[in-house]
Amino acid sequence: MAHERFHYKNLDELKARAQALGVELPFAADTRVLAEPVSFGPVTVPNRLGIAPMEGADSQDDGAPSEYTLRRYVQEAEGGSAVIWFEAISIVPEGRSGKTQLYLCRENLAAYQAFTAAIKEAGLRANGYAPYLVMQANHSGRYSNPDNRPAPLIAYRNPYYEQFRAADDSCIVSDDYLKALEEKFGQAAALAKAAGFDAVDIKSCHGYLLAELTSAYTRPGAYGGSFENRTRLLRNAIAAAKVQEDSGFQVTCRLGIYDGYEYPYGFGVRENGGREPDYTEPIRLVRQLKEEYGLTMVNLTMGNPYVTTHVTRPFDAGKYLPDEHPLEGLARMIRGIGAVKQAVPDLVIYASAPSYLRQYADLYSAGAVEQGLCDGMLFGRMAFADPAFANQILHDGRIDPKRVCVTCGKCGDLIRAHKPTGCVVRDPQHFLGFYREYMESARELPKNFRG
């Protein structure tokens, strides 16, 4: 398919293009539903809008937040989103995606306590409410770069991923290593609670270690093969974290329900089914997390931003040309999330990846809620471009079309280059210089490099 950039002059043109592609996207007539409160467990948040995790690659050397980190999250809190789902925060030093990835430990706990307090105070001062802060506890696994050099820790050999990032059998982590991680996620939950977060996310998406295990069909032992084994680390880590739960702190999960690769190299497909999504196992897992582990709210996503970016967050400009239109990727995302929501209706589910739709992302989000496909929407790239998008929707009814994300991919380039990350287009004063540095260094990279 020839590449087609976003060019729609109005919503009718956009709907017509979707219809011509044979895909159905939800759009509401207005955004009023997004201003409604949402309740999960003992918590009620004042609207259905949230910030999706987007790494800023701007931590201090010890993993504590920097002034860039604080600036970003304060802006998002002031912007009115009810939920801020933080970027990946590593739970072990060897699992950091780089020297610039956030890492929470006892030694820097005080810095995080000041950090979360400032973010909540900013929201209270600007909007009359503090955002609900979710800490994303992560192990980067295959994408670990603790010294800004690849040091992959993998669940199994995956030829698709290894086209772009080398790994060998020596990189496969042992069952003993995985077993020890279960309690480390529990310890991370205790630290998150002490740091002032309102919830901890045991992250299992986007090709990182826990997500990779969900497709470890070929791995022998206690963490591979069967559904029970492939989800063991996630479930046991959640159980370890649940010890910390009380009326002021919850456990949740950001879960990838489809990887974009055929069996045996991707989750959310069936054997001999090619790349066609099959949500049988994701639904089984989500239902189990609710009924057996007591989760009251989750966020669902898809793909791997390093190698199947078009599945994770459809784009105008990227490192490769997808074999599908971005609207097809959006439809797969929301319909897949909707399939899980309809199968587990009593669980609050936040959806992902609306930013490609620019100024129509708000009506799309409202339509998704109205059609029962999700309960709320998290915005990632849009929050980089326009951290005040939520207040625009809540107070003006619509997003400001002059401030929207244009899905150019430059923020993703900065993340992978381990440089402070934000919107190069909307905030060039802070980020254009870093992007120029990236472009200079990128000239030396192999042509097929994607991160």
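I began with S90, which in this predicted model has a relative accessible area of 2%. That value is under 20%, so I put S90 down as buried. I found S90 in strand β4, which covers residues 83-90. Next I checked the polar side: a polar atom of the S90 side chain lies 3.4 Å from the backbone nitrogen of R96. Setting aside neighbours within four places in sequence, I listed the contacts of S90 as G95, R96, Q101, L102, Y103, L104 and N138.

My second stop was H206, in the loop between β6 (199-202) and α6 (209-213). Is H206 buried or exposed? Its relative accessibility is 6%, so H206 counts as buried too. I noted a polar contact of 2.9 Å between the side chains of H206 and T301. Not counting residues up to four places away in sequence, H206 also touches others, among them Y143, R254, N304 and T312.

Then I turned to the nonpolar cores. The largest has 116 residues, and V200, I202, L327, L357 and F389 touch the most other members. Helix α5 (residues 175-195) gives the most to this core, with eight residues. A reminder to myself: in soluble globular proteins, nonpolar side chains tend to be buried together.

Notes
Residues are numbered from 1 along each chain as its sequence is written. This is a predicted model: local features need pLDDT of at least 70, side-chain atom pairs count only at pLDDT 80 or more; totals for chains, interfaces and linings use all residues. Side-chain values use heavy atoms; hydrogens and water are left out. Helices (H or I, at least four residues) and strands (E, at least two) are DSSP runs, numbered from the N terminus. Buried means under 20% relative accessible area, exposed over 50%, partly exposed in between (1.4 Å probe, protein chains only). A polar contact is a pair of N or O atoms within 3.5 Å; within protein, one must be able to donate a hydrogen and the other to accept it, and residues adjacent in sequence count only if both atoms are side-chain atoms. Contact means heavy atoms within 4.5 Å. A nonpolar core is a set of buried Ala, Val, Leu, Ile, Met, Phe, Trp, Tyr and Cys residues joined through side-chain atoms within 4.5 Å.
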